[in-house]
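I opened the notebook to go through one model from the overall fold down to single residues.

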Amino acid sequence: MTIDAAFSELTTRVKRVHTLGLIGELLGWDEQVNLPPGGAEQRAAQHAALAEAQHEAASAARLGELLLELEQQDATLSADQRAVVVQVRRDFDRATKLPADFVREKAAQGSRGYHAWARAKAADNFAGYAPVLEKNLELAQCEATYLGRGAAPYDAMLDKFDPGLTAAAVEKLFTELKRDLVPLVRAITASPVAAQARAVNAKLRGFPVADQQAFLREVTAALGFDYTRGRIDVSLHPFCSGTGGDVRMTTRFNVDAPLDALFSSIHETGHGLYEQGLPVADLGTALGIHAGMAVHESQSRLWENQVARSRGFWRHFEPRWRALFPMQTEALSAEELYLAVNAVEPTLIRVDADEVTYNLHIVLRFELEKKLFAGELAVRDLPAAWRAASRELVGLEPATDREGVLQDVHWSDGAFGYFPSYCLGNMIAAQLWYRALALRPALEEDFARGDFSWLLGWLRTEVHSHGRKFSALELVRRVTGESLSPQPLVRYLRERYGAIYLR
Ligand code: ZN
């Protein structure tokens with residue numbers, strides 16, 4: 001068999017696995033957007049049948065043979081072919097090295113864990129949830145061992161979401177970020193402008209959903225989201241799924257919090273633009289899938305924060321917003337609107353956090369996860385460790401575990417190692433932003449004209465078109481000429497928020 005024939009058969013098989021995954025995503029989207037309650041059980045059976053078919057295709061012996069054949073001729077592969085083979089090897093090992101019994105046990109534990117977490121959170125009862133977390137940690141350790149990463153289980157967790165990422169690399173970045181960010185947050189919080197921002201936000205009331213919907217659709221289309229290849233609907237929690245020619249985003253509305261729906265839609269649009277920008281012909285191989293969660297999150301954060309919280313963006317959209325909501329915005333000055341868009345207020349709850357303090361919530365979780373996996377922290381001591389870290393980092397101490405260690409769903413189904421990608425995404429976004437500004441200093445003037453095409457075109461070329469050919473850290477180096485650093489994020493936060501709060 002020639003290399004090209006083997007490679008072609010490999011990609012055909014891998015694309016089929018990916019397609020089955022996309023069908024699963026579509027079932028998941030439908031479940032959250034349309035499914036009548038009576039259909040829940042049928043849907044669970046559909047998910048299970050599909051997952052079985054997908055696992056069968058992903059672990060087929062023939063795929064292993066093709067991989068060996070291609071790996072033996074590694075020297076003759078092109079760089080693109082090598083990237084594809086490396087990715088297939090990762091997925092194939094994951095599909096074949098984990099025993100079926102273990103996968104079943106982990107899935108069942110994940111579902112039990114989710115329900116146990118929901119109960120524990122409602123009752124503010126950490127003790128009842130602790131055995132579940134202990135079991136989840138044990139399964140994570142097992143998983144790392146099966147994958148040959150038993151000596152560095154937390155690295156194995158990070159690597160699942162961001163290929164190649166290690167705890168040591170994250171720790172270095174987060175330590176530096178923490179050093180510079182904690183004093184900045186303290187200074188902003190102490191500023192009298194912080195209270196003003198809260199007061200302005202409280203004035204935004206009574207924004208009809210239909211008009212909010214019309215506005216955010218105009219905005220997201222102007223940013224470049226192609227509605228002939230995607231759509232936006234309503235769900236309980238906003239998300240984005242699908243890829244290529246069929247990207248599904250969701251948002252949610254609150255008549256008394258119009259900026260929430262807008263910014264969460266813009267966030268999901270960032271994810272959607274990335275998925276729409278991946279090379280369609282290569283969907284499903286490393287050349288046509290995203291580069292990991294940190295890079296994905298950088299795309300959503302860049303559009304949500306650097307772009308949509310800028311003065312240029314609002315110079316363009318403010319007149320339209322006021323025209324849609326004349327009564328609601330009558331008493332609001334342009335400066336007040338800008339303040340509401342950039343309100344900073346430390347909160348105990350991560351998902352409610354503004355873009356400045358958000359990062360500290362992630363540092364907190366990373367530090368605790370790292371200690372849990374290193375055996376330096378016992379699950380039963382988590383609540384106290386959480387309170388101490390929250391006081392140190394966020395400046396607030398939760399009175400209940402519901403507002404502390406029980407607030408996030410992630411650990412309940414064993415998704416350790418996911419949190420860092422949120423903060424790394426913010427760092428990458430800021431670093432990309434300054435690179436874009438260096439190339440096109442008048443970027444905000446583009447925005448003020450309602451023109452976002454240069455930025456999108458640049459991201460398409462520099463980020464989207466590469467798929468997963470490079471790791472997050474490699475990609476940042478290639479695009480910006482420098483290693484990933486927290487300094488661009490610190491600089492961006494100082495510049496934008498310093499100008500508002502520390503005048
Ligand atoms: Zn996101």
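The entries below follow the order in which I looked things up.

**Ground rules**

I am working from a predicted model, where local features need pLDDT of at least 70, side-chain atom pairs count only at pLDDT 80 or more, and totals for chains, interfaces and linings use all residues. I number residues from 1 along each chain as its sequence is written, and side-chain values use heavy atoms, with hydrogens and water left out.

**Overall fold**

I started with secondary structure. The protein has 22 helices and three strands. These are DSSP runs numbered from the N terminus, with helices (H or I) of at least four residues and strands (E) of at least two.

Next I checked the radius of gyration, taken over C-alpha atoms; the globule rule is 2.2 Å times the number of residues to the power 0.38. The value for the protein is 23 Å, close to the 23 Å that the rule gives for 503 residues, so the protein is as compact as a globular protein of that length. Along the principal axes, the C-alpha atoms fill a box of roughly 70 × 50 × 50 Å.

Then I looked at burial. I call a residue buried under 20% relative accessible area, exposed over 50%, and partly exposed in between (1.4 Å probe, protein chains only). Of the 503 residues, 53% count as buried. The protein exposes about 21200 Å², and carbon and sulfur atoms supply 54% of that area. Areas come from the Shrake-Rupley method with a 1.4 Å probe; for residues, only the protein chains shown count as cover.

For contacts I used heavy atoms within 4.5 Å. Among contacts with a separation of 6 or more, residues 24 or more positions apart account for 74%.

His267 sits in helix H11 (residues 258–277) and Glu297 in helix H12 (residues 293–307), so I noted a link between distant parts of the chain, 30 residues apart. His267 and Glu297 are both buried.

Thr269 lies in H11 and is buried at 0% relative accessibility. Beyond its neighbours within four places in sequence, Thr269 is in contact with Thr220, Leu223, Phe225 and Met249.

Ser264 also lies in H11. Is Ser264 buried or exposed? It is buried, at a relative accessible area of 19%. Leaving out residues up to four places away, Ser264 touches Pro238 and Thr251.

**Aromatic pairs**

I paired rings of Phe, Tyr and Trp (its six-membered ring) if their centres lie within 6.5 Å; planes under 30 degrees apart count as stacked, over 60 as edge-to-face, and the rest as tilted. The count comes to 28 aromatic pairs. One of them is Phe419 with Tyr422, tilted, at 6.3 Å centre to centre and 45° between the planes. Phe419 and Tyr422 are both buried. They belong to one aromatic cluster whose members include Tyr154, Trp386 and Trp411.

Ile188 is in helix H8 (residues 167–190) and is buried at 0%. Its C-alpha is 7.8 Å from that of Tyr497, 309 residues away along the chain. Contacts of Ile188 outside four places in sequence include Val344, Val356 and Tyr497.

Glu355 is in the loop between helix H15 (334–341) and helix H16 (358–374). Glu355 is buried at 8% relative accessibility. Tyr497 turns up here too, among the contacts of Glu355, along with Asn305, Arg309, Tyr492 and Leu493.

**A backbone check**

Most residues other than glycine have a negative phi. Asp124 has a positive one, near 50°. Asp124 lies in the loop between helix H5 (100–123) and helix H6 (126–146) and is partly exposed, at 27%.
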